[in-house]
Amino acid sequence: MDLKRVGDCVWEIPKSGAMRVPGRIYADKRLLDLAKGDKALDQVVNVATLPGIVKWSLAMPDIHWGYGFPIGGVAAFDADEGVISPGGVGYDINCLAGDTQVLLPGSGTRSLSEIVESRYQGEILHLVDGEMRPTRVRAGLSRAPGNPVRELVTVSGRRVVGTEDHLILTRDGWRELGSVARGVRIAAVQSGDVFWDAVESVTSRPDVTRVYDIEVESPHHNFVAGGLVVHNCGVRVCKTGLRFDELEGKHKKLVNALFNAVPTGVGGDSAIGRLSKEDGARIVTQGAKWAVEHGYATPADLEHTEDGGTMPGADPAAPSDTAFRRGMGQVGTLGSGNHFLELDRVVEVYGPEAESVFGLREGDVVLLIHCGSRGFGYQICDENVHDFVKIAHRYHIDLVDKQLACAPAASPEGRQYLSAMACAANYAWVNRQVIQTLAGKAIGDCLGKKVEPELIYDVCHNIAKVEEHEVDGKMRKVIVHRKGATRAFPPGHPLTPGKYKEVGQPVLVPGDMGRSSYLLTGLPGAMKETFGSTCHGAGRLASRGEMNRRMSGVDLDAELRAMGVTVRGKTRSSLAEEMPSAYKDAGIVTEVMERAGISKRIAKFVPFAVIKG
Amino acid sequence: MGYTFFDHTGDIGVDLEAPTAQGLFSTAGLALFEAIADTGNVEPRVTRTVRAEGEDRADTLNRFLQELLVIFDEERLLLPHVAVHELDERTVVATAAGEKYDPDRHEGRTELKAVTWHQLAVTPGPPLWTARVVFDV
């Protein structure tokens with residue numbers, strides 16, 4: 001991929017092919033090399049092809065491969081317009097035997113003869129720049145072979161039967177089937193990925209009396225604003241009023257108290273019981289206001305939550321009954337995966353505002369909570385991806401990747417989704433708020449004193465929001481997608497709460513469970529370049545399975561203890577998968593955003609007591 | 001019949017195989033619950049009828065697994081014993097049997113957020129029906 005350096009820490013993927021805007025990646029050289037290791041940069045390009053996208057398809061330095069959108073991806077789409085401009089490039093598959101299996105997007109195969117004879121209208125996959133992309137059949141025909149027919153069988157058992165003049169993709173480019181001999185590497189597909197398979201045998205097939213042709217369209221330029229695959233998780237940081245020194249020798253006791261008070265992991269039942277549909281409807285429309293009414297939050301907590309803890313436009317009729325079924329027994333639960341709750345020590349402050357505005361001094365103890373909207377939000381996301389895939393044809397959307405499912409933002413389906421997503425965001429705020437209260441009580445009981453965590457700030461890092469941003473010198477209403485990215489409004493922004501007006505909106509970037517997390521604030525550069533967004537975390541480096549293998553036989557407790565961390569998780573594997581070496585260093589990620597003028601570090605935290613699902 | 005879990009950055013994938021389409025769906029149900037918890041000693045004490053509809057075979061498998069996942073989140077039931085009664089390209093009706101998740105008896109593994117369409121594929125037999133599913137963790 002062709003990358004142009006356009007700033008100290010900014011790299012551009014110039015507009016090419018179906019891209020509507022250039023891609024931009026925030027990274028230093030090392031992080032950029034890491035990003036090249038998976039398909040995340042291709043996903044930045046995919047997002048850039050969606051209609052209505054404005055300025056750039058962006059990637060934060062914690063970018064890694066996600067579903068559809070890259071994680072660490074930010075993109076803004078015009079809120080009203082969805083441009084559709086179909087184009088077509090002819091692409092031929094010549095003269096193959098009728099039982100040749102043609103790959104369909106995501107769902108197996110169909111024989112070539114069946115495609116031709118049934119006048120198949122659906123999508124099939126074809127190869128574009130080494131990637132499988134869907135396209136549609138434009139015309140098909142069957143005829144007697146005009147040239148001798150041959151059969152190739154590969155080492156992996158794949159089989160192609162076609163006329164000698166049929167072109168086949170080899171490692172040296174397209175070649176006529178008749179010229180391909182044993183040992184030649186030809187392109188084959190395994191689970192959507194292309195690999196080079198070796199030809200094992202070539203035989204003549206005079207018995208084949210009928211071959212088939214199909215011509216396919218290869219449309220570009222016709223995606224509509226969306227890519228709404230979000231789970232609404234976020235993170236909050238609270239002051240505890242405790243000093244690190246006074247907790248010496250009590251870390252284990254604290255971890256156990258927190259583990260018993262906050263439900264975690266598989267099947268963790270809500271500490272506040274299963275809620276009625278009526279209470280559920282109130283939670284998802286009122287958000288953190290519900291928590292204030294029920295004694296789980298103070299008015300100050302609301303002020304220090306993004307959007308005041310209530311995302312507007314939430315209609316409880318928008319999420320399905322199934323979403324309510326999944327989520328109503330999970331309010332106040334942490335879940336598993338990368339979600340966590342931890343106590344951290346402030347180890348470094350970067351300026352006087354850390355104390356004057358945030359009240360943070362070195363040696364203070366803060367509480368960090370990372371989780372989301374639980375089964376409620378997962379279900380909303382799942383159902384909408386599914387529905388958007390089904391209705392894609394109605395809006396002439398061809399999906400390069402089903403997980404990039406989208407609908408025009410202004411369509412009834414798009415509006416319904418935004419409303420359901422607001423419900424999920426509200427649920428997530430209530431969830432984190434209830435956990436904050438449970439944790440405060442557990443810490444207090446453990447230490448024999450009253451502990452009331454005071455929220456510094458709560459941010460979403462998986463959400464789409466309608467916001468106003470400057471595009472080409474004019475203010476425009478856009479929908480900003482932050483998929484594994486955090487809002488970071490600068491000083492003076494109207495949506496930054498009063499207390500933080502002069503320093504900018506606070507952002508918490510959690511690191512892994514052994515190394516540092518950071519409190520940041522937004523800078524003016526964020527409004528100019530990233531739609532008011534910055535990074536959200538460290539960014540995963542190693543897969544869960546790889547971590548399980550690497551950590552096999554390792555004493556995880558001892559390893560973490562050596563880093564000064566006491567941890568308790570539901571299972572060994574949930575700890576192994578989240579060990580620090582699975583992640584990039586959040587220190588480097590946040591430094592890049594500071595060098596780029598997007599966000600600034602206020603304080604650095606290091607964990608000492610962690611609970612995981 | 002069988003299933004093999006494989007790596008996918010941050011998530012869990014599973015490759016499935018069975019001699020029949022029905023067997024493939026049963027195995028997929030078992031694999032889903034095995035991702036969530038050790039089902040080795042889950043007895044078929046309660047049953048739930050599960051229906052799902054999809055656009056095609058792969059979509060139907062995806063919807064079927066998602067339905068089992070919803071039952072787990074709602075009722076905390078591990079239902080790894082799956083008998084498929086009706087199955088065609090677009091519909092499935094099955095009975096899933098098991099018992100309530102008990103963390104003391106069934107070792108919990110991981111929560112699943114969703115059954116994704118990422119790399120989703122069903123390939124009919126003969127000889128074997130195979131499928132690939134990725135769970136969002």
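## Chain B: fold and contacts

Contact here means heavy atoms within 4.5 Å. On that basis, residues 24 or more positions apart account for 65% of the contacts in chain B that have a separation of 6 or more. The model is a predicted one, and every value in this report is to be read with that in mind.

The secondary structure of chain B comes to 2 helices and 8 strands, which follow the pattern β-β-α-β-α-β-β-β-β-β when read along the sequence. Of the 137 residues in chain B, 61% are buried.

## The interface between chain B and chain A

The contact between the two chains draws 40 residues from chain B and 39 residues from chain A, and the area buried between chain B and chain A is about 3,600 Å², with carbon and sulfur atoms giving 50% of that area. The polar side of the interface can be described in two ways: there are 6 salt bridges between chain B and chain A, and 10 residue pairs in polar contact are found across the interface, both residues of each pair being at pLDDT 80 or more. Glu74(B) forms a salt bridge with Arg325(A), in which the closest N and O atoms are 2.6 Å apart.

On the side of chain B that touches chain A, the elements that give two or more residues are strand E1 (2–8), helix H2 (57–75), strand E6 (114–115), strand E7 (121–123) and strand E8 (129–136) of chain B. The largest share, 10 residues, comes from H2(B). Sorted by class, this side of chain B has 16 nonpolar, 9 polar and 15 charged residues.

## Nonpolar cores

The largest nonpolar core has 116 residues, and the members that touch the most other members are Leu341(A), Leu32(B), Ile36(B), Phe64(B), Leu65(B) and Phe135(B). Helix H11 (residues 412–447) of chain A gives the largest share of this core, 18 residues. Around Phe64(B), once residues up to four places away in sequence are set aside, the residues touched are Phe25(B), Val50(B), Ala52(B), Val82(B), Val92(B) and Ala94(B).

A second, separate core of 68 residues includes Leu3(A), Leu41(A), Met551(A) and Leu556(A). Leu41(A) is also one of the buried residues of H2(A), among them Ala40(A), Gln43(A), Val44(A) and Val45(A). Helix H2 of chain A, which spans residues 40–48, is mostly covered, with 8 of its 9 residues buried.

## Salt bridges within the chains

Over all chains, the count comes to 40 salt bridges. In chain A, Asp512(A) forms one with Arg515(A), the closest N and O atoms being 2.8 Å apart; Asp512(A) is buried, with a relative accessible area of 4%, whereas Arg515(A) is partly exposed at 28%. Another salt bridge joins the side chains of Glu577(A) and Arg544(A), at 3.4 Å from N to O. Because Glu577(A) lies in the loop between helix H15 (572–576) and helix H16 (586–595) of chain A, while Arg544(A) lies in helix H13 (residues 544–550) of chain A, the pair ties together parts that are 33 residues apart in sequence. Both Glu577(A) and Arg544(A) are buried.

In chain B, the side chains of Arg48(B) and Glu75(B) meet in a salt bridge at 2.8 Å, N to O. Arg48(B) lies in strand E3 (residues 46–53) of chain B and Glu75(B) in helix H2 of chain B, so this pair ties together parts that are 27 residues apart in sequence. Arg48(B) is partly exposed, with a relative accessible area of 29%, and Glu75(B) is partly exposed as well, at 26%. Returning to chain A, salt bridges that share partners join Arg540(A), Arg544(A), Glu577(A), Glu578(A) and Lys612(A) into one network.

Arg482(A) lies in strand E23 (residues 474–483) of chain A. With the cut-off for buried set under 20% relative accessible area, Arg482(A) counts as buried because its relative accessibility is 1%. The side chain of Arg482(A) makes a polar contact with the side chain of Glu467(A) at 2.8 Å, and it also reaches the backbone oxygen of Phe531(A) at 2.9 Å.

Apart from its neighbours within four places in sequence, Arg482(A) is in contact with a set of residues that includes Gly73(A), His461(A), Asn462(A), Ile463(A), Lys465(A), Arg487(A) and Phe489(A).

Conventions:
Residues are numbered from 1 along each chain as its sequence is written. Chains are lettered from A and ligands numbered from 1 in the order in which they are written. This is a predicted model: local features need pLDDT of at least 70, side-chain atom pairs count only at pLDDT 80 or more; totals for chains, interfaces and linings use all residues. Side-chain values use heavy atoms; hydrogens and water are left out. Buried area is the accessible area (1.4 Å probe) that two parts lose on being put together, summed over both. A salt bridge is a side-chain nitrogen of Lys or Arg within 4 Å of a carboxyl oxygen of Asp or Glu. A polar contact is a pair of N or O atoms within 3.5 Å; within protein, one must be able to donate a hydrogen and the other to accept it, and residues adjacent in sequence count only if both atoms are side-chain atoms. Helices (H or I, at least four residues) and strands (E, at least two) are DSSP runs, numbered from the N terminus. Ala, Val, Leu, Ile, Met, Phe, Trp, Tyr, Cys and Pro count as nonpolar, Asp, Glu, Lys and Arg as charged, and the others, Gly among them, as polar. A nonpolar core is a set of buried Ala, Val, Leu, Ile, Met, Phe, Trp, Tyr and Cys residues joined through side-chain atoms within 4.5 Å. Buried means under 20% relative accessible area, exposed over 50%, partly exposed in between (1.4 Å probe, protein chains only).
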